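Here are a few exercises to work through with the model open beside you. Try each task before reading its solution.

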Amino acid sequence: MKTNLPVRGARRRAARTLAPLAAAALLFAGVAACDSDTSSEGTDQGVHTLTPEPAESPSEAPSPRTRRSFAASVSAESERVRQEAAKRLEEVEGRGNAVGDVSVNGLPLTASEEVRSALVRVTNPTDEPTFFAVKVEFVDAEDKVLDTVVVGVEDAPPGRTVTAQANSRKAAGVKTFPRVAQAERG
């Protein structure tokens, strides 16, 4: 039985040598089977390789609505509403007809802020959308008015509360308390 040992060793060496070649042949056969050519004979007609159509590239022309133009239009609209509110408040005697519909709270600030802000809440008690004009005063601890800011709320929905923000650069860096000086509905 000792005569089989050299044959066994030769078989092991042959297996070690042929194993990488067999693996390479299997890999090559697998790659060839996965070829994306679906028009050759023997390919199942139900198998198709889908390639998306190239999308059109965006035009080289600049977008008609850039961030800068959008910000400018928002700023212009805000200024238009603010001016409308200021105009309406000029005609109001006393505190106005909507002081009870408006509340204001100071927003927290950090030491680095350059603006003092207040959150203005407007509740529309009517049955139709209404314009509100609100004058907010920023006062210090001695009740001295440091700044006055006018805010407009356009088309406040009926029966709903909407918010706006009043911002003051003059009151920045000082502990202030916002209050409603005037509020007019309509």
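**Exercise 1.** Find where D143 lies, and decide whether D143 is buried or exposed, or in between.

*Solution.* Start with the location: D143 belongs to the loop between β3 (130-139) and β4 (145-156). Strands here are DSSP runs of E with at least two residues, and helices are runs of H or I with at least four, numbered from the N terminus. The model is predicted, so local features need pLDDT of at least 70 and side-chain atom pairs pLDDT 80 or more, while totals for chains, interfaces and linings use all residues. Residues are numbered from 1 along each chain as its sequence is written, and side-chain values use heavy atoms, without hydrogens and water.

Next, the backbone: phi of D143 is near 70°, a positive value in a residue other than glycine. Most residues other than glycine have a negative phi. Finally, D143 has a relative accessible area of 46%, so it is partly exposed (buried is under 20%, exposed over 50%, partly exposed in between, with a 1.4 Å probe and protein chains only).

**Exercise 2.** Repeat the analysis for D155: which element holds it, and what is its phi?

*Solution.* D155 sits in strand β4. Its phi is near 55°, again positive in a residue other than glycine. With 53% relative accessibility, D155 counts as exposed.

**Exercise 3.** Work out what surrounds E184.

*Solution.* First place it: E184 is in strand β6 (residues 177-185). E184 is buried and has no salt bridge; R185, the nearest side chain of opposite charge, is 7.7 Å away. (Lys and Arg count as positive, Asp and Glu as negative, with His and the chain ends not counted; a salt bridge needs a side-chain nitrogen of Lys or Arg within 4 Å of a carboxyl oxygen of Asp or Glu.)

Now look for polar atoms: a polar atom of the E184 side chain lies 3.1 Å from the backbone nitrogen of N97. Beyond neighbours within four places in sequence, the contacts of E184 (heavy atoms within 4.5 Å) include L89, V92, F131 and F132.

**Exercise 4.** Trace the partners of β2: how many bridges join it to β5?

*Solution.* Strands pair if DSSP finds at least two bridges between them. Strand β2 (residues 116-123) pairs antiparallel with β1 (residues 102-106) over 5 bridges, with V104 opposite V120. To β5 (residues 161-168), β2 is joined by 8 bridges, also antiparallel; here V122 has V162 as its bridge partner.

Methods:
Polar contact = N/O pair within 3.5 Å; in protein donor to acceptor, adjacent residues only side chain to side chain.
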